[in-house]
Amino acid sequence: MSGLTAQGLREELEALSLAAQGAADPAERATHLRDAAYLALDLGDPALAMTHALACLESARRTADLSLQARAHVTIALVMGDVHDDVGAGAHFREAEGLARSARDARGVAVTSVNAAHYDQERGHYAASVLRLLTLLRSPYASALHFDAQRKGLDQVFHINFTRGAACALLGLGVDADPSRTGLDARRDEIDAQLRESHAVLQRLHRREEQLANSRWQTDVLEALLLHARLHGALDRAGALADEWVHLTTDWNVRAQLGRALLGRAELRAQQGQWAAVREDAARAAELFGDEHPSRALSAQQLLARAYAAQGDWRAAFEVQQALSTQAERIYRAFTQQSARLRVIERQAIEAEVRAVAFAEAALRDPLTGIPNRAGALRRLDQLIRAARRGRPGAVALLDIDHFKSVNDRHGHAAGDEVLRRVATTVTRAIREVDQLARYGGEEFLLVLDGLSLHEARRACRRVSQLITEIDWDDVAPGLRVTASIGVAVVRPGLDREVILREADAAMYAAKAAGRNTVRVAVTSGSAE
């Protein structure tokens, strides 16, 4: 039980943060950070949650895993939704769905839809949440829910959200409460059938006939079952569930969770006309929510005013309403400030990410020529080697400028630098976008040729050699002539980087031995010239 207390959640959050710091694998780090963001939300700290969520996205992007990136965007959306930044949350949900669809990740699309439905419910759009979940059930992505039934996580959250959303919508709660205008009436049979199925799942979870994937969802199960009981007029059953919910969150000692349970019980007691009990629960809930959860505090205060009015204490009701007006203004300012704060955190993270990318790119670039350096060349070669294992052809060529030392000796190092720059520019313009020229060291360049056979690579290098001889050097040193010796090696499955580079290097020295200004192919590549 200690892990479900406020102290336990803080300790778990700290452990996740440390695990993320120590994780060498970006995917593992992203997972730890995502879990940490959700814990920070549970503890009522949206700023900390946003910090972890953005770090999660940054780590996910390092993996090039679109599905992982989609889940990171979902996390950011939920954090923004916590402070009622509807524009920001909507943008991140759309980005998440787009990434999941691009990755053909059915589970990613389902995760986005289920979490967006939860977000709808937090805004009081219960009918919209139900329609969203029904749309998911009718889509090809519903298979992810059936598959996930083996692991239970997403499947369980779907049933929680559907039961809660459908019960609230059919009770006439929320801002979209008219069933005839929302389209719920036309789909009532479908809703009732799914509600029966989802309620049965939650009953089994409540009776512990099935195990919850996450023990923190116990409160969500109780809330959904309570709303279902209210919908069907089973008020005694609803009362027992409400008491259980309050007792559970009292043990957990997480202020926002206890406040939500007390507010849920107060709403039930209002339905039963137990106004003295409503006053007690609503007042305590408002106190627990405080400024950390202002919208729920406002709901509790509104219910408290109703309770005073129902008991004929008009003066107290009027005073609460007056306080509500002041509080509503304060709440609006709090939301604006929190949203602005999260936007600042988001902007700072984006700027830091841009700087990190720029620094990473700079570390792989040669400052003199502007093309990739040796580290960049080796990274690109490794990609070609991995592609070769999947059957894709490729080749590399080592290009060495002939008699480069004499250029420096006769015309100066400034002229030599200009020779390197112009050769790099000329060759880069001549090759395809999928190819890459990198400065390998000194006057030596590595040319990576993606998807080319030996014959095609040799022909491409001959063209490169010819273009180098045609460069005009009159403005640098009249009479200067530059040529290059080029050695070509095929990237074959099973060969490591060092072997391939040795073959290309041997071919390049063969070109020099043949008189320079020529192209030679590694003997082991199947041909010699």
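Predicted model: local features only at pLDDT ≥ 70, side-chain atom pairs only at ≥ 80, totals over all residues.
Let's begin with the cysteines. A disulfide is a covalent bond between the sulfur atoms of two cysteines. Searching the whole structure turns up 0 disulfides. Among the cysteines you can look up, C56 is buried at a relative accessible area of 0%, and C168 is buried as well, at 4%.

Next, have a look at H52, which sits in helix α3 (residues 46–63). With a relative accessible area of 11%, H52 counts as buried, because buried means under 20%. What does H52 touch, once its neighbours within four places in sequence are left aside? The contacts of H52 are then L13, S17, L33, A36 and A37.

Now for the aromatic rings. A pair of aromatic rings is described by the distance of the centres and the angle of the planes. The whole structure holds 2 aromatic pairs. One of them joins F158 and F162, with centres 6.1 Å apart and 25° between the planes, and this pair is stacked. Both residues belong to helix α9 (residues 153–170), and they are 4 residues apart, so about one helical turn separates them. F158 is buried, at 2% relative accessibility, and F162 is buried too, at 0%.

Another ring to visit is that of Y440: R374 lies over its face, 4.1 Å from the ring centre. A further arginine, R188, is placed in helix α11 (residues 188–206) and is partly exposed, at 36% relative accessibility. R188 and L170 are 18 residues apart in sequence, while their C-alpha atoms are 9.5 Å apart in space.

That brings us to the charged pairs. Side chains of opposite charge can pair when their charged atoms come close. The count here is 33 salt bridges. In one of them, D450 meets R380 at 3.3 Å, N to O. D450 is in strand β3 (residues 444–450) and R380 in helix α18 (residues 374–389), so this pair ties together parts 70 residues apart in sequence. Both D450 and R380 are buried.

Another salt bridge links R422 and D475, whose closest N and O atoms are 2.4 Å apart. Since R422 lies in helix α20 (residues 413–430) and D475 in the loop between α21 (454–469) and β4 (484–490), the pair ties together parts 53 residues apart in sequence. D475 is exposed, with a relative accessible area of 59%.

R432 and D435 also form a salt bridge, at 2.6 Å, N to O. Here R432 is partly exposed at 36%, whereas D435 is buried at 9%. Finally, salt bridges with shared partners join E122, R164, D220, E223, R260 and R296 into one network.

Key. Residues numbered from 1 in each chain as written. Heavy atoms only, no water. Disulfide = S-S within 2.5 Å. Buried < 20%, exposed > 50% of the residue type's maximum accessible area, 1.4 Å probe, protein only. Helix = DSSP H or I, 4+ residues; strand = E, 2+ residues; numbered from the N terminus. Contact = heavy atoms within 4.5 Å. Phe/Tyr/Trp six-rings, centres within 6.5 Å; stacked < 30°, edge-to-face > 60°. Lys NZ or Arg CZ within 6 Å of the ring centre and 35° of its normal. Salt bridge = Lys/Arg side-chain N within 4 Å of Asp/Glu carboxyl O.
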